[in-house]
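I want to look up a few things here and jot down what I find.

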Amino acid sequence: MAKKIKVNTVFNSESMLLSKKSPFSIQEAYKTLRTNVSFSLPGNNCKVIGVVSAKRSEGKSSVSINLAISFAQLQKKVLIIDGDMRLPTLAAKLKIATNKGLSNYLAGNTTEIPIQHIEERNLDIITSGNIPPDSTTLLESDVMADMIEQLKEEYDYIIIDLPPLTVVSDAAILSKLIDGYLLVVRHNWSEISKIDETMRQLRFAEAKVLGFVYNGKATESKYYRKRGYYSSDYYYKKS
Ligand SMILES: Nc1ncnc2c1ncn2[C@@H]1O[C@H](COP(=O)(O)OP(=O)(O)OP(=O)(O)O)[C@@H](O)[C@H]1O
Ligand SMILES: [Mg+2]
């Protein structure tokens, strides 16, 4: 029987993240991504989605947050976890305190799962916590598996923002807990050889890859035109 999970509330008024004020093309791209993810993972049970890429700065954290926001906009119960314990960014991007987070819980420094609630986004988050000496061991632990099992009782979607797979193997280690991975690639930045290596590692871990998110391509939507506006195009393709 899962224990009741306590949630703290955080208010966050400022944001450049996905909202009703975002350019139409970006809102539409996230709706498409959200729809394709739901079709790829049918059923009413909780879905655990890992967001990964080959190398740094391809947009994993941005995609994780905005996909979470997109599901939350449908009144889904969504939790986002900062699984990048070496170079975490979710707390800063969402402008919330880091407090105790994933590493503290996995290391046994806190007994309650450290969930914070972001009221105006209808979103829950577990930040990364203090940077641990060995995040891989923490992620591999039974405590991590038990925590995800408990959380699945409470949420519709759990989105885990992961570190780049050609830098550390943490993302693949979680393959047994993750229902599907999204692989983010970035326009003019990703490298085919590294994507290849990432796919090899995911396949070796018997991970289910839902598809790719093509991030950062300047685009001009027929619905949204504004000269010089740097937009982005999130493109989901079923692999
Ligand atoms: N589509 C986009 N348009 C413009 N800037 C973007 C876009 N996607 C991401 N960025 C910016 O690029 C930087 C890296 O993005 P992000 O942190 O999401 O990548 P990441 O893959 O999580 O990086 P890391 O590997 O360091 O965790 C950030 O400054 C982010 O604001
Ligand atoms: Mg990141």
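Predicted model: local features only at pLDDT ≥ 70, side-chain atom pairs only at ≥ 80, totals over all residues.

How far is an oxygen atom of ligand 1 from an N or O atom in the side chain of Ser61? I looked it up and got 2.8 Å.

**Entry: other contacts of the ligand.** I went on to Asn215, where a polar side-chain atom lies 2.8 Å from a nitrogen atom of ligand 1. For Arg56 I found a polar side-chain atom 3.2 Å from an oxygen atom of the ligand. I then checked the cover: ligand 1 taken alone exposes 620 Å², and the protein buries 74% of that.

**Entry: the shell.** I listed 15 residues around ligand 1, and the closest are Lys60, Ser61, Ser62, Arg186 and Asn215. Sorting the shell gave me 2 nonpolar, 7 polar and 6 charged residues. Helix 2 (residues 60–72) supplies the largest share, 3 residues.

**Entry: strand 5.** Next I turned to strand 5, which covers residues 123–126. Leu123 and Ile125 point one way from it, Asp124 and Ile126 the other way, and I noted all of them as buried.

Which strands pair with it? I found strand 3 (residues 78–82) running parallel to strand 5, joined by 4 bridges. Strand 4 (residues 115–118) pairs with strand 5 in the antiparallel sense, over 3 bridges.

**Entry: the turn.** Strands 4 and 5 make a hairpin with 4 residues between them. In that turn I marked Asn122, which has a positive phi of about 55°.

Conventions
Residues numbered from 1 in each chain as written. Chains lettered and ligands numbered in written order. Heavy atoms only, no water. Buried < 20%, exposed > 50% of the residue type's maximum accessible area, 1.4 Å probe, protein only. Helix = DSSP H or I, 4+ residues; strand = E, 2+ residues; numbered from the N terminus. Pairing = 2+ DSSP bridges. Near = heavy atom within 4 Å. Polar contact = N/O pair within 3.5 Å; in protein donor to acceptor, adjacent residues only side chain to side chain. Areas by Shrake-Rupley, 256 points an atom, 1.4 Å probe, with all protein chains shown as cover. Nonpolar A, V, L, I, M, F, W, Y, C, P; charged D, E, K, R; others polar.
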